Amino acid sequence: MLTFESVTYRHAGGVRPAIDDVSLELGEGEVVGLVGGNGSGKSTLCLIAAGLAPRIVGGTLSGRILIDGEDIAPMPMHELVARVAIGFDDPWTQLSGVTGTVYEEVAFGPANLGMPRDELVSRVDAALSSLAIEQLAARDPAHLSGGQQQLVAIAGLLAMGPRHIVLDEPTAQLDPSGTSLVANAIERLASEGASVLVVEHKTDLIARVAKRLVVLAGGTIVMEGAAAELLADPRLRDLGVREPSAVRLRRRLVEAGLDPVALA
Ligand code: ADP
Ligand code: MG
């Protein structure tokens, strides 16, 4: 369980809070989609959830973030990174830059935690197979496509075995087949009990993996509820959120004077 209790956060030098009095709870095995226009605070919320803000990036925070009921503020960094993983849109920034093969890259995080070798091998194998990238194991991460690199970066997160995962636009650089692999990985993680917070502009992906949706505007939660219902809410477009293709199709049919129910 990942809990935000009245969290307000201001970036160093920020004139107003980027996150303003946010309370939120993610249960075990729950995937929550986070959407909102540019600058609404999505990335900042991800950094806070992973304990990187304010600890690493600075700024000031009030309120509390709890992992399974424990305040993360005093938690040692090595413990924090094993309990909550964060993935970003740009895979290149996430790769270590020091490994020569995908296998070593995926093993890098857990190896740094001092994991026993047998467990390390089984974790890496499982992570590679859950993203269907076993065939990349011997390749140099630097010579992969952006989409392949993102899958490797996510495999590296999976290998850490975190119970809480934060993904900030993980499929921004992926084609539809890569996006679908990431969706599979999210579903698998959730089925194993992880709580996942996923920011995506691709609302089709959100519609597929998330039961619950949180909408941010100006650093505040302005809408929250069942993803299937909220994604069809016309107010989302005014908040800078793309409609899922099914919702767009339905709207276009209605605008054209056709009855989507009769056509279905
Ligand atoms: P999103 O991911 O939804 O586009 P961000 O979390 O990146 O939004 O930004 C939220 C707000 O915080 C914006 O007003 C942005 O300008 C501000 N912000 C983001 N990063 C910084 C920073 N490093 N320093 C100061 N302000 C920042
Ligand atoms: Mg962002």
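This briefing describes a sheet, a ligand site and a pocket in one structure. The model is predicted: local features require pLDDT of at least 70, side-chain atom pairs count only at pLDDT 80 or more, and totals for chains, interfaces and linings use all residues. Residues are numbered from 1 along each chain as its sequence is written, chains are lettered from A and ligands numbered from 1 in the order in which they are written, and side-chain values use heavy atoms, with hydrogens and water left out.

**The sheet**

- Six strands form an open sheet with mixed pairing, in the order S6-S7-S8-S3-S9-S10; strands (E, at least two residues) and helices (H or I, at least four) are DSSP runs numbered from the N terminus, and two strands pair if DSSP finds at least two bridges between them.
- S6 and S10 each have a single partner strand, so one side of each of these edge strands is left without a neighbour in the sheet.
- From one strand to the next, the twist averages 15 degrees, with axes fitted as lines to C-alpha atoms and angles running from 0 to 180 degrees between N-to-C directions.
- Strand S3 (residues 31–36) pairs with S9 in the parallel sense over 5 bridges, and glycine 33 has leucine 213 in S9 as its bridge partner.
- Strands S9 (residues 212–217) and S10 (residues 220–226) run antiparallel and are joined by 6 bridges; valine 215 is partnered by methionine 223 in S10.
- The hairpin of S9 and S10 has 2 residues between the strands, and glycine 218 takes a positive phi near 55 degrees there.

**Ligand 1**

- Residues around ligand 1 include His11, Ala18, Gly37, Asn38 and Ser43, each having a heavy atom within 4 Å of the molecule.
- Polar contacts are pairs of N or O atoms within 3.5 Å; in one, a polar backbone atom of glycine 39 is 2.7 Å from an oxygen atom of ligand 1.
- From the side chains, a polar atom of lysine 42 lies 2.8 Å from a ligand 1 oxygen, and an N or O atom of threonine 44 is 2.5 Å from an oxygen atom of ligand 1.

**The largest pocket**

- The largest pocket holds about 590 Å³ of space; a pocket is an open set of points on a 1 Å grid over the protein atoms alone where a 1.4 Å probe fits, with protein on both sides within 12 Å along at least five of seven lines, and lining residues have an atom within 4 Å of a point.
- Of its 24 lining residues, Ile86, Gln94, Gly109, Leu157 and Met160 are the closest to the centre.
- H4 gives the most to the lining, with 6 residues.

Notes
Grid points are joined across faces, edges and corners, and a volume is the space filled by probe spheres set on the points. A polar contact is a pair of N or O atoms within 3.5 Å; within protein, one must be able to donate a hydrogen and the other to accept it, and residues adjacent in sequence count only if both atoms are side-chain atoms.
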